[in-house]
Structures are given as structure tokens and as C-alpha cells.
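Please look at the sequence and the structure first.

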Amino acid sequence: MLNFSFQNQTRIHFGEGQIDKLSTEIPKDAKVLVVYGGGSIKNNGVYDQVVNALKDHTWFEFSGIEPNPKYDTLMKAQAVIKEHDIDYIMAVGGGSVADGCKFIAAAALYAGDDPWDILAKQQPIESALPIGVVLTLPATGSETNTNAVVTRDGNKLPFSSAAVRPQFAVLDPAVTLSLSDRQISNGVVDAFIHTMEQYLTYSVSGKVQDRFAEGLLQTLIEEGPKALQPETKDNLDVRANIMWSATMALNGLIGAGVPQDWATHMIGHELTGAYEIDHARTLSIVLPAVMKVRRTAKHEKLLQYAERVWHITQGSEDQRIDQAIALTEDFFQKMAMPIRLSDIELGAADIDILMANLEGHGMVELGETKEITLAISRQILEQAS
Ligand code: NZQ
């Protein structure tokens, strides 16, 4: 196992009715900015619950954070923060709102001249306003992790800092009942691929991490399709298991002490940056191609994945790996996700654009061993065609 230091201090309040906890989690003298997206929280009762929980607080609001949050939108929040002397950011939404709030919180206290440098130059962040999250879409793990992704003019760039890890997160599976099938699918597959990015690398004998990861993958394979079927989609146990899996998939635990890949994400970000494809739908296209192109480097873990996650024990090693990749694609299709570039009507000319963007963003040494050069990324995209 690799050396690691692990701390995740986000306090989690899980279960129905837990939005009430905002009243005690946020200091009574704080000036709170409630930040949300396009308004789904006004239709499903979440906004009312938040307003009720904050009845003894001084709070203001900022809305309109779009999916794949945009830098220009997030910078507009800075004026509200200054005007009202805001000292607490309360994110209410999915990963885009949580990520957007992390950037807002960091930009508010940024000591440099241009907050864009946090993303474009990966400038370190010394401090940020404190953040709480009411999660409405289980997918990204953003509610308890240190990461955020922000888009500006087609450039979708990540940053990470311990300063933006939320202080607390409310996970109420009941608020996910209003999600569309498309967002449910996106969330399940995003969580699945987060797990794969930290699992499907090479073995360092991280047995605890591997078995945690395999448990998450099996849970998502089992519960994900149920959240789309009419007879089970409103079952709160199904929703709870998906929600907890998505948080656990990217809270730092399964990735501590093991190599991590993330090539699927970096290539996927270019698809969203250039064509505004939903994040998870880029991943379901890229991951199978990564599994195929990197099958030699990932051989041992692919066999372990085949046996432990899909219970494939018969056939040659190559046949078992082929079958595991096919079953992964079947699972994505069962979740109504695209698995090829052609499924989203992209082709060879688009690959050239994506390659130029990968190069422009310095994504030239990807994967757990940094072996995914631009030439290999091209093979992956061609494989995904
Ligand atoms: O904006 P509103 O009106 O709230 O609607 C949202 C949005 O249109 C809607 N929605 C959310 N909760 C709902 C709901 N609709 C009905 N009922 C609910 N309960 O869903 C739509 C998509 O929301 P979004 O937040 O964009 O989705 P997601 O949670 O998948 O977040 C995606 C973003 O997170 C980034 C992605 O790149 C993307 O920008 N990621 C962040 C990561 C992290 N911080 O660690 C890792 C991820 O891999 C990912 O890169």
C-alpha cells in the first residue's frame, strides 16, 4: 500500500428531514449566502425547508448556477458577498452548485489579482469562506471533498484545496425523488466511474480500498437500474444506497493509499468543454475505451474486477476481461447512457478538436503511471468512436 494521510472532517447528516440541521450547523451570527441553481429546489420543497431552517439567521440568496458552472456566473456572486458582508456560503443543489460555491468561497478571500488563476495557473488557495451543502443530486461527491470544476469559454478546469471542503453536508435521499431519469442515470454512472478511477489501476495490495470499491461498484450495479424502474424508483432505500455510494465513492477514503487514474475524467472534461455534454455521459463513453486501450497495463486489476464485481470465473484471461468490459457497457446502456462518440453524434473531425484542447490544457501525461500521452488519448477517442 502507498503512504497516505487521510482526513475528511465534513460532518454528514443523512436521512429524511435532516435539512433542519442547518439551524444549528451555521453559527447564529453568520451572514449566510444561500446559493442554488436553476430553480429545481423551488419545485420540490427543498427551498422551503432551507428557508424554514434558517428562520433565525440573517441570509441572502444567489441563484442561477448552471450545470457545469460558469466562471462569469460565479464571479457575479462576489458583488453580493461584498455588499452584504457574507461570511458563510450555503450551497443547495447538485455537484455544479457545490463546485460553484467552492470557487465562490475561494475567490472571495483570494489574495492574488485574478481569481481565474486558481484554475488556469493552479494558484494555491490560502483560505476560503466556510461552506455547507444541502445535496440534491447524488453523483459527484463534491459535498464532502476538496475538488471543484469550473468552465470558462469552453475551458473546463479543476482545482482542489482543503480550504474548500464543506464543513457539513445534508444528504436526504427523499429530495432526490424529483430528479429526472437522465439525472439519476448521470449520478449513478458518475459515482461508478469515480470508483473505477481509483480502483482500476495496478495492485499495491490495498485490500481494504479494493473491497470497499468493489462493494460500491456492486451496490451501484444493483441499485442504479432500480431507480429507473417504475415499481422501484420511489423506494427510499434504493435512493439512500445510491446517495451514500456516491458520497463514499469520492470522499477520499477508497483513493487513500492506492494509485489513481483520472484519464477518463480529463478526456471527458474536454467533451463537456467543447460540446456541453453532461459530465457523466462523457465518462460512459470514455471509460470503456480506456479499459480496452489500457488492458495490458490494467491486466491484473481487470481480472480482479471481472471476478469480484461480475463473478466471471470461466474462460481465458482475455475472454474474462472482454466479458467484464462488455458487462460494464451493458450496465451503462441499462442506465440509458451513451457508450460511443457516435451515440452523441460526434465523429473523426471532433476528435481533432478534442486533441487540440487536451494539448492546450497540458493533459499530455494522464493515468496512474502518466503513460497516457496525446497519442494514446487519440487511440482512446478513436476506440470510443
Ligand atoms: O439547477 P437546478 O434547477 O437545481 O437543476 C439541476 C441541474 O439542471 C438538476 N437537479 C439537481 N438536483 C435536483 C435537480 N432536479 C430535480 N430534482 C433535484 N433534486 O440537475 C441538473 C444537473 O445538476 P448538476 O449539479 O450539474 O449535476 P451533477 O451533480 O452531476 O454535477 C455535475 C458537475 O460536477 C462536476 C462536473 O464536472 C459537473 O460540472 N464534478 C465535480 C466533481 C467533484 N467536485 O469532485 C467530480 C465529478 O466527477 C465532476 O467532475
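A salt bridge is a side-chain nitrogen of Lys or Arg within 4 Å of a carboxyl oxygen of Asp or Glu. The model is predicted, so local features need pLDDT of at least 70 and side-chain atom pairs count only at pLDDT 80 or more, while totals for chains, interfaces and linings use all residues. Residues are numbered from 1 along each chain as its sequence is written, and side-chain values use heavy atoms, with hydrogens and water left out.

**Salt bridges**

- The structure holds 16 salt bridges.
- One of them joins the side chains of Glu276 and Lys70, at 3.7 Å from N to O. This pair links distant parts of the chain, 206 residues apart: Glu276 lies in the loop between helix H10 (263–275) and helix H11 (279–293), and Lys70 in the loop between strand E3 (58–62) and helix H4 (71–84).
- Helices (H or I, at least four residues) and strands (E, at least two) are DSSP runs, numbered from the N terminus.
- Lys121 and Asp117 also meet through their side chains in a salt bridge, at 3.9 Å from N to O.
- Asp261 and Lys298 form a salt bridge of 2.7 Å, N to O. Here too the pair links distant parts of the chain, with Asp261 in the loop between helix H9 (236–249) and H10, and Lys298 in the loop between H11 and helix H12 (299–310), 37 residues apart.
- Salt bridges that share partners join Asp261, Lys298 and Glu368 into one network.

**Exposure of the paired residues**

- Buried means under 20% relative accessible area, exposed over 50%, and partly exposed in between (1.4 Å probe, protein chains only).
- Glu276 is exposed at 58%, and Lys70 is partly exposed at 33%.
- Lys121 is exposed at 56%, whereas Asp117 is buried at 15%.
- Asp261 is buried at 8%, and Lys298 is buried at 1%.

**Helices H7 and H13**

- The axes of helix H7 (residues 181–199) and helix H13 (residues 317–334) come within 10 Å and cross at roughly 155°. Axes are lines fitted to C-alpha atoms, for helices over the stretch in contact, and angles run from 0 to 180 degrees between N-to-C directions.
- H7 and H13 are therefore roughly antiparallel to each other, a term for angles over 145 degrees.
- Contact (heavy atoms within 4.5 Å) is made by Val188, Val189, Phe192 and Ile193 of H7 and by Thr328, Phe331 and Phe332 of H13.

How values were computed: Parallel < 35°, antiparallel > 145°, perpendicular 65-115°, else oblique.
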